[in-house]
Amino acid sequence: MSIRCARVGGVEIPNNKRVEFSLQYIHGIGRSRSCQIMFDLSMENKYIKELSEEELTILREEVSKYMIEGDLRRFNAMAIQRLKEIQCYRGMRHIQGLPCRGQRTKNNCRTLKGKRVSIPSKKKAPR
């Protein structure tokens, strides 16, 4: 019986990928941070299934130094909640479900606004 996934930072990362790309499955670790972790540990970019138990332990310790997963999600949610509470411009845009970084809203921003709602046209009055 072989282990299907390795657990790092509370997330099961895939075994059949290299370390650099497997680390990106953790929320809060992107391409540059995974490269930085590999550089700090001076680790080879080999497959996760090829790592020894002590290498995995070292990797877990290094990843735990960063704000990831639940802590990061909570931090971001609290930041948005603060904006909503003080009712600043950005907070109001979050409340209304509109983009808050200056994008135009006439044509785009469907992700935030949701699905299009067609407005029924008025019926013509008889003459």
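Guide: A nonpolar core is a set of buried Ala, Val, Leu, Ile, Met, Phe, Trp, Tyr and Cys residues joined through side-chain atoms within 4.5 Å. Buried means under 20% relative accessible area, with a 1.4 Å probe and protein chains only. This is a predicted model: local features need pLDDT of at least 70, side-chain atom pairs pLDDT 80 or more, while totals for chains, interfaces and linings use all residues. Residues are numbered from 1 along each chain, and side-chain values use heavy atoms, without hydrogens or water.

Visitor: Which residues have the most contacts inside the largest nonpolar core?
Guide: Val 8, Val 19, Leu 23, Ile 26, Leu 59 and Val 63, in a core of 18 residues. β1, β2, α2 and α3 each supply at least two of its residues. Helices (H or I, at least four residues) and strands (E, at least two) are DSSP runs, numbered from the N terminus.

Visitor: Why are β1 and β2 called paired?
Guide: Pairing needs at least two DSSP bridges. Four bridges join these antiparallel strands, so they pair. Val 8 has Val 11 as its bridge partner in β2. Two residues separate the strands of this hairpin, and Gly 9 takes a positive phi near 65 degrees.

Note on methods:
Buried < 20%, exposed > 50% of the residue type's maximum accessible area, 1.4 Å probe, protein only.
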